[in-house]
Amino acid sequence: REVLTVAAMRSVCCVAMLAAVQALVPTPLVSRQAAVSGRRGDIQMAGAAALERKTKVLNEVRSKMDGASLMFCVRSEGIRVNEINALRQTLPDGVEFKCVKNTLVNLAAKEYENFNADNIDTLLHYSNYWFFVQEEKMRESVELWNDWIKKGKKDNVIVGGVFGAQVLDREGIEAVSKLPTKQELMGKTATLLKCLPAKLARGLKGAGAERLARGVKEARGSKMARAIKLASEKLPQ
């Protein structure tokens, strides 16, 4: 019995010593590498997801710049989501509206000749809503926003924008929006061309009559001068 007890005690001591030694031994290198690899994989997956979201938004901005002639921004502070949703319902076709990060606006603008302005970074501060507007809707979009902030008593006036690769301030955007569109210019040109033949005919007619009257008058004056000369020659000296 004493022999068994001593053997049992030795077994217990060996197990305890083995457990202590295992606790002191560092984690195997393979286990550490697996853990590090797992964390690295999680980080890479998160980075890939973020890049995918960024690319998606960038493509959306590109699609809004396609066909647009003007883009301008307003500050987003103080505008509630439900107000923005209501505003979107009133936007006409040809006007796009979106809150975009400044870095994405800068990246997308470089790909479009009419928006690739050297000093566009002067507009890329704070959080902004951007309007992307086709040419024939420039006047309407600016008037719509000005009316909206007036009715809502908002201070979010137009900060500035880009037109023809030039950065414009609020006054510049207002002025550009009032320019005649290509359609309006074509209409005016067509009207002028239509009226031109009639005006030209009247001008030629008037000029012809004037030349005729002047010729008759000169002819009469010439005949009178010759008659006087002949008469004077026949008088006795």
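Lys154 and Glu83 form a salt bridge in this predicted model, with their closest N and O atoms 3.0 Å apart; a salt bridge here is a side-chain nitrogen of Lys or Arg within 4 Å of a carboxyl oxygen of Asp or Glu. Because Lys154 lies in the loop between α5 (138-152) and β4 (158-163) while Glu83 belongs to helix α3 (residues 81-90), the pair ties together parts that are 71 residues apart in sequence. Both Lys154 and Glu83 are buried, where buried means under 20% relative accessible area, exposed over 50%, and partly exposed in between, with a 1.4 Å probe and protein chains only. Arg80 joins Glu83 and Lys154 in a network of salt bridges.

Residues are numbered from 1 along each chain as its sequence is written. Since the model is predicted, local features need pLDDT of at least 70 and side-chain atom pairs count only at pLDDT 80 or more, whereas totals for chains, interfaces and linings use all residues, and side-chain values use heavy atoms, with hydrogens and water left out.

By this rule the count comes to seven salt bridges, and two further ones involve helix α2 (residues 29-65). Lys98 pairs with Glu60, their closest N and O atoms being 3.2 Å apart; Lys98 sits in strand β2 (residues 95-99) and Glu60 in helix α2, 38 residues apart. Glu60 counts as partly exposed, at 29% relative accessibility. The side chains of Arg62 and Glu111 meet in a salt bridge at 2.9 Å, N to O, and since Arg62 lies in helix α2 and Glu111 in the loop between α4 and β3 (128-133), this pair ties together parts that are 49 residues apart in sequence. Arg62 is partly exposed at 23% relative accessibility, and Glu111 is partly exposed at 46%.

Helix α4 (residues 102-109) has Asn102, Leu104, Val105, Ala108 and Ala109 buried. Seen down the axis of α4, these buried residues fall within an arc of 160°, so they line one face of the helix; the arc is that of the directions from the helix axis to the C-beta atoms.

For the chain as a whole, the secondary structure comes to seven helices and five strands, helices (H or I, at least four residues) and strands (E, at least two) being DSSP runs numbered from the N terminus. Among contacts (heavy atoms within 4.5 Å) between residues at least 6 apart in sequence, 80% join residues at least 24 apart. Buried residues make up 24% of the 237 residues in the chain.
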